[in-house]
Amino acid sequence: MDRKELALRLEEHLRNVNVYFDREHEYSKGRGPLKTYIIEAHAHNGDSIRSGAASSVLFDAADKHKLHVQETKDKNLFEVSRGEAGFFFDVLDPRFWIVHTMSNIDIAEEILNTLIEDNPHLDYAWPPSELMRDIQKTGRPRGFAVDFDETVLLPQHEDRFEDEPNAIVKIRHGGTGAETWLRRLEEFAPSVLAFSMVKFSREEKITGGYIIQELNDKGRLKAAGNSINLHLQVVSTVLHEYKSLILAIEESTRVRPSIEGNGKTLLGEPLVFDFPQPLRDFNAFVRELVSCREPLKLWGVVEEVGTKRVHVEGVDLHTGSRLRFDVTPNFMRIYLGPRACGNTVARLLRNLQAHINSTIQIRIPEPESVE
Amino acid sequence: MIEQPIIVPGVGTVEVDIICLNRVKNHAILWECKAGRTLGEKQAHVYSAIKAEDVQRTGNVTFPRPDTATIDVVYCCLSEHAKRISESFQRLALAPPVISFGSKAELFSGQIRAVDVQKRFMAGIDLPSLEDVPRFLLANTQTPKVDLARLLFPTLVSLLRKQVAKVSVRLVLEETFNDWSCMGTDLRRYLSDRFKDLILDLCKNELQEYASIVKASHSPSELFIEFSGGILGSDASSRTRAFQKFEKLAYGFIERIEKDKPYEPAKEAQSMWLPGFEPPFS
């Protein structure tokens, strides 16, 4: 198999699938939409994967999970399978892999979730809410899902939420009327619009090609339509936008020495998440931040350095990266080490948007250079 | 360069807090940062006698054009102490530039040879409040052991998570201090010695089940930490529990170092949370 053959197989699938994505769990292999994932990969020691070395990382990870990996005529394209599930791994970009599957979503995602959970050097993409919305606007909006739940990062016994107007907001709207509904939501509850899915379509009038896409908050695209080229264009756009964000974070905020000749300079500045409203329960937030649990998966030693101010010496339990935070009710400052991964920041941002305030944004300092 | 000792023959030694080198201008600024309002008289005399040659010979700095290299020595202090420090210099008949740090960083007295730097500090540079200044430099040669313990433990957890089998103390230091390669030799030695003590202590006590010390065959003073394999468990929930246990061990270790107490296996930290941060109803 090569890329042309892959495109033909995927396009054939696209034409035959049911466009009712919401009922996908009911469909067996061959009937559900095409799914395409972005997986962010590092070498085992956390460093960047050298060009041409992604295949060995894939083989090692697959081997642990008894996945069968088959090479193709294209050195960056692999067929991966186990039981009923089949995937196409495209490792052309050694760090940001693209994974297509036509298999049943439950079976496919169980395999991918385990693969990522057990391999700390692999992770999903975590597009922030506004990036998802920007991608949606490149086509014709056809729906959205919002999944905001403030109770996740606060104690389970917390009962004050009964008095809160927007503590838990879960909305799913499919159809072209979604934009009208969304405009209303933006007026009265802008801080809860954490998109967990955006749906949109693209058309190509000359060829009659069309594609309907759903992008979710883990960078997964579901697709139905008749043009694999349009789908691959969308995948390429998502990959480009997401990769640019991650690289910008790393370039500006990895605190690292720059050594030129005998001169040494410390480059990089911490990045900041500003909280639009002060945290409702600062202590509970700090506790959950380093609870080691999903969704944040951070470990940390907390030092109180003032009233409502802590320093945290932390570890990202997914990648193992060493991090440190300064946290107050109004902002969170994050210090990344020289080899820290921007994806960690994206995952944290995504989860803060879904559980604290959807309008939280990253303040990325301008990249520095040595003059 | 951070915390770099410089010797002035016949006068004495100073440990320069920060050395900034401008390679284009062939000029270095040596910063002495005063936390309080008193001056060390001997230190002031050594600083006043430093020449570019001393910076090169004992400060590990290579100027692009050694023969014409120039330096400035600049003192900086909090704005409320600037007057007192400046007066102390007058009594010693010295007049180094003093930069005062308040809402701005500005030249309080003296002159800086580097004209552009002088102009910037004459005009004043806006500063954020002290608590909003990012923490780039985490340690110096006065940093107490307990603060280093707080920095060390998370690095070991990070390495455990990365499933590193064996690691040198040097790598632990590099992973902990982003500015490691910018540090002067004395500071590196100080941190290296303290880290070795703390690591030996941890491997004998809190982390005895998870890590052990191996000495390098070619150099017995060089230590490696060897982590036990598979200690994190095979499924996600047992891994989470393992890490939660490490949090508890970390707080116990920090508390023990702070109080300078021996390890008592049965007595782990009273609570894994700081006072005020305990989960409700725990």
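In chain B, five residues of domain 1 are in contact with six residues of domain 2. Please keep in mind as we go that this is a predicted model. The side of domain 1 of chain B that touches domain 2 draws most on strand E1, residues 2–8, which gives four residues. Sorted by class, that side of domain 1 has two nonpolar, one polar and two charged residues.

Let's step back and look at the two domains themselves. Domain 1 of chain B covers 2–132, and domain 2 of chain B covers 145–259. Taken over C-alpha atoms, their centres are separated by 36 Å. Chain B as a whole has eight helices and 10 strands, and its C-alpha trace spans about 65 × 50 × 30 Å along the principal axes. Of its 282 residues, 34% count as buried. If you consider the contacts in chain B with a separation of 6 or more, 53% of them come from residues 24 or more positions apart.

Now turn to where chain B meets its partner. Here 38 residues of chain B are in contact with 41 residues of chain A. On the chain B side, helix H5 (145–161) and helix H8 (236–259) each supply at least two residues. Helix H8 of chain B gives the most to this side, with nine residues. The chain B residues that touch chain A divide into 21 nonpolar, eight polar and nine charged.

Next, cross over into chain A and find a pair of helices. Helix H6 of chain A runs over residues 228–253 and helix H8 of chain A over residues 342–355; their axes come within 8 Å and cross at roughly 110°. Because of that angle, H6(A) is roughly perpendicular to H8(A). The crossing in which H6(A) passes H8(A) is right-handed. To see the residues involved, look in H6(A) for A:Leu245, A:Ile246, A:Leu247, A:Ile249 and A:Glu250, which meet A:Gly342, A:Asn343, A:Val345 and A:Ala346 in H8(A). By class, this contact of H6(A) with H8(A) has six nonpolar, two polar and one charged residues.

Staying in chain A, a few backbone details deserve a visit. One loop to look at lies between helix H7 (282–289) and strand E15 (298–306), and A:Pro295 has its place there. The peptide bond joining A:Glu294 and A:Pro295 is cis, with omega about 0°. The loop between H7 and E15 of chain A also holds A:Cys292. A:Cys292 is not a glycine, yet its phi is positive, at about 75°. Is A:Cys292 buried or exposed? A:Cys292 counts as buried because it has 20 C-beta neighbours inside 10 Å, and the cut-off for buried is 20 or more.

For our last stop, go to the loop between helix H2 (54–64) and strand E2 (68–71) of chain A, where A:Lys66 is found. A:Lys66 has a positive phi too, of about 55°, although it is not a glycine. How many other C-beta atoms lie within 10 Å of A:Lys66? There are 8, so A:Lys66 is exposed, given that a residue with 12 or fewer counts as exposed.

Technical notes. Residues are numbered from 1 along each chain as its sequence is written. Chains are lettered from A and ligands numbered from 1 in the order in which they are written. This is a predicted model: local features need pLDDT of at least 70, side-chain atom pairs count only at pLDDT 80 or more; totals for chains, interfaces and linings use all residues. Axes are lines fitted to C-alpha atoms, for helices over the stretch in contact, and angles run from 0 to 180 degrees between N-to-C directions. Angles under 35 degrees count as roughly parallel, over 145 as roughly antiparallel, 65 to 115 as roughly perpendicular and the rest as oblique. A crossing is left-handed if the near helix is turned anticlockwise from the far one by less than a right angle, and right-handed if clockwise. Two residues are in contact if their C-beta atoms, placed from the backbone, lie within 7 Å. Ala, Val, Leu, Ile, Met, Phe, Trp, Tyr, Cys and Pro count as nonpolar, Asp, Glu, Lys and Arg as charged, and the others, Gly among them, as polar. Domain bounds come from an automatic or database domain assignment.
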